[in-house]
Amino acid sequence: MSFRELSIARAMEFAIHEINNRTDLLPGITLGYQIHDSCGAVSMAVKVAFQFANGMEPFFSDTDSCSKSAAAAVPALVGESTSTPSISMARMLGLFGIPQVSHFATCACLSDKRQYPAFFRTIPSDHHQAAALAKIVKYFGWTWIGAVRSDSDYGNYGMASFLKAAQEEGICVEYSESYYRTDSRSKLERVANVIRRSTARVIVAFVASGDMRLLLEELARQPPPPLQWIGTEAWIIQSEFLRFNMCAGAIGFSVPNSVIPGLREFLLDLSPEQALKSPLLTEFWESSFSCSLKGSSEGARECDGSEDIRALQNPYTDTSQLGESNLAYKATYAIAHAIHGVICNDTQCDKSAKFTPWQILDQLKRVNFTTKNGSQVSFDSNGDPVAVYDLINWQVNEDGAMDFVTVGHYDSSKPRGQEFSLSRAIIWMGGRIKVPRSVCSESCPPGTRKAVQKGKPVCCYDCIPCAEGEISNNTGCVLFELCRCPSEFWPNTQRDSCLPKPVEFLSWDDTLSIILTAFSITGAFIAVCVTVVFYKHRTSPIVRANNSELSFLLLFSLTLCFLCSLTFIGQPSEWSCMLRHTAFGITFVLCISCVLGKTIVVLMAFRATLPGSNVMKWFGPPQQRLSVLTFTLIQVLICVLWLTISPPLPFKNLKQYKERIILECGLGSAIGFWAVLGYIGFLALLCFILAFLARKLPDNFNEAKFITFSMLIFCAVWVTFIPAHVSSPGKFTVAVEIFAILASSFGLISCIFAPKCFIIMFRPEQNTKKHLMGKIPSKSL
């Protein structure tokens, strides 16, 4: 016999005695009752449910005035204590609308009003307890746990809810085992061995008290390593389990403890005569004192009246934990208030009123009251109360005995994140003050990340070095994305923090920049020197030949070409990006236009020597100036359109290199950039063709030969520039462009002006009109 269940049943009896003696609740009405023992079996519970639905035998009351004729069917009942029998009863009673108020059936499935329309309970649904258990496991940092459950509706539904909540909290379960008290011993031994061999140091037990007793007895045969037990309301405050020292430090949720004034005296006010009136009390008396009441059984020592119930130490007489009894007490009062709402008004009740269980059911949905001991009673739309739990800890007291200590509280009605609170220190397994650890793998050190082990939960992982571009803090990386440095940052050598990426561009203090700057200034200086030489000898035949204006303009444009390369050096900015490409494009077109003009002059000059030709008047100095201006203005127009529509602007190139940023000038419009280069290429090609055609014209100093060579060099440089520009990395892209500008500029100044300067400086005898006209044979240079 379960003495705990008997004390709960008598708490209902005590509540009925209180109600019958009250004048404000059901005044003048006497409630009767009948107590049935379901023996924890579904078949017995269903049999009793059928009895309730079809009619009852005479039942106990204060006055014996109630009889079978009082009602054809019971209007309401309190029970059952466990989920599976309650489910069976609720399915059947719901068809008749007979309300059932359970004090300890916690299965979340019973909240489904479509299947159980007449079911209510004063204990919270396991949906809340499962969520609370997952939160407390997460709160203490346990990510690797074991789980064991009763193979019943209580255990299976409860554990399913817990596992779902645990998964949402990132908790991994090493094993989840189930058994029932009627299973074979071999299965119980197998479950016990799984627990013994596990690496998880925390175990959640969603187990009914009867199943838990068998499990603990089996584990006690060969105690496992110290475990941190986490229990449910079904067993966490069962005093009979305090004898198992392996559970010291256990924590779990229970219904809040309560004080019911007068209940202890009522339970202990029991004499042999009173016990004989009830088969249940008779069994309790005989079982407690190992004697037989007169006339009740044979073959046992007869009770002699010296038995003292107050001297007993068992769950029936232990009133230190009355949480469960209080739930039955509240369930009884809920039914009484529902009946009061049906047959009573503000002042009196109608004893002759006829009512149906459906009316009681309807009133139960509305009850909202406070009992004498301060307990609030109401039901939500699912027939459930507000979920409130005490957090219980098994601690060793000063006497060396284990005891239940309330260390915290859980209230589902509070805001999210504030439901759980601790009120005092927890003593863990082995008497430790420090929270025990239960993890599958320790946290990864800085610079490493987690790699899940194949075939195991995500909590089991190996620590491997962070991949390129990843970092990890002290807790390690969980997902690849979470460990990536921002786009403008890169991991340090330890890969535990992100540092800003170095920004790369062709700076002035770079060795390559210094070399290119030196060549640029040297080229410009040479161009200026040539200009000085030409100006000093401006009246000489070699300078005056082939339009000296174009020569000076060409030298000016070459000076600009050399200097425009300097705009490519330094940190790119908006103005420098726009200036470098446009200055380069315009100065080179001016340069090529001058060369083209000189080439056309050579061709026209030869044509002019033919008899009757007056072609030179069509391409005199004004036309030459106009052609140079026209060609240059076309390039200016292209550049203006480019800068207006989509100008080149500085941007950070993060794709070319992972570990550094390339600060460069974006093209803006690629069409604009290639239009500028294409126009320069077109003029250079045209100039090359014309110069090539004029290379063998009769003249001692035929400038077309040198223009052909200069254009050949120019085209070769820029043709090779394109693949070199595309394939050069980082700042070397800009260096290649500067090199192309300088190389082509040096090619032009060398091929066109070097021979003339040589004659002026070192062969003055060849600087005559006769020599230039081919009257005197020339010597090779």
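The legends below describe close-up views of a predicted model.

**View 1. An edge-to-face pair of Trp142 and Trp428.** A pair of aromatic rings is described by the distance of the centres and the angle of the planes. The structure holds 27 aromatic pairs, and in the one formed by Trp142 and Trp428 the centres lie 5.5 Å apart while the planes stand at 90° to each other. The two partners are 286 residues apart, and the pair links distant parts of the chain: Trp142 belongs to the loop between α4 (126–139) and β4 (144–150), whereas Trp428 belongs to the loop between β13 (420–422) and β14 (448–452). Trp142 and Trp428 are both buried.

**View 2. The ring pair of Phe562 and Phe746.** The ring centres of Phe562 and Phe746 are 4.8 Å apart and the planes meet at 65°, and because an angle over 60 degrees counts as edge-to-face, the pair is given that name. Phe562 is part of helix α15 (residues 548–564) and Phe746 is part of helix α20 (residues 731–762), so the pair ties together parts that lie 184 residues apart in sequence. Phe562 has 0% relative accessibility and therefore counts as buried, whereas Phe746, at 22% relative accessibility, counts as partly exposed.

**View 3. A cluster of rings, and a charge over a ring.** Trp229, Trp235, Phe241, Phe244, Trp394 and Phe404 are linked into a cluster by ring pairs. In another contact that involves a ring, the charged end of Lys113 sits over Phe120, at 5.2 Å from the ring centre.

View 4. After α3 comes Gly97, whose phi is positive, near 70°.

**View 5. An open sheet of three strands.** The strands follow the order β18-β20-β19, and their pairing is mixed. The edge strands are β18 (503–504) and β19 (650–653), each of which pairs on one side only. Strands β19 and β20 (residues 661–665) run antiparallel and are joined by four bridges. Pro650 stands opposite Cys665 in β20.

Key: Residues are numbered from 1 along each chain as its sequence is written. This is a predicted model: local features need pLDDT of at least 70, side-chain atom pairs count only at pLDDT 80 or more; totals for chains, interfaces and linings use all residues. Side-chain values use heavy atoms; hydrogens and water are left out. Rings of Phe, Tyr and Trp (its six-membered ring) pair if their centres lie within 6.5 Å; planes under 30 degrees apart count as stacked, over 60 as edge-to-face and the rest as tilted. Helices (H or I, at least four residues) and strands (E, at least two) are DSSP runs, numbered from the N terminus. Buried means under 20% relative accessible area, exposed over 50%, partly exposed in between (1.4 Å probe, protein chains only). A charge sits over a ring if NZ of Lys or CZ of Arg is within 6 Å of the ring centre and within 35 degrees of the ring normal. Two strands pair if DSSP finds at least two bridges between them.
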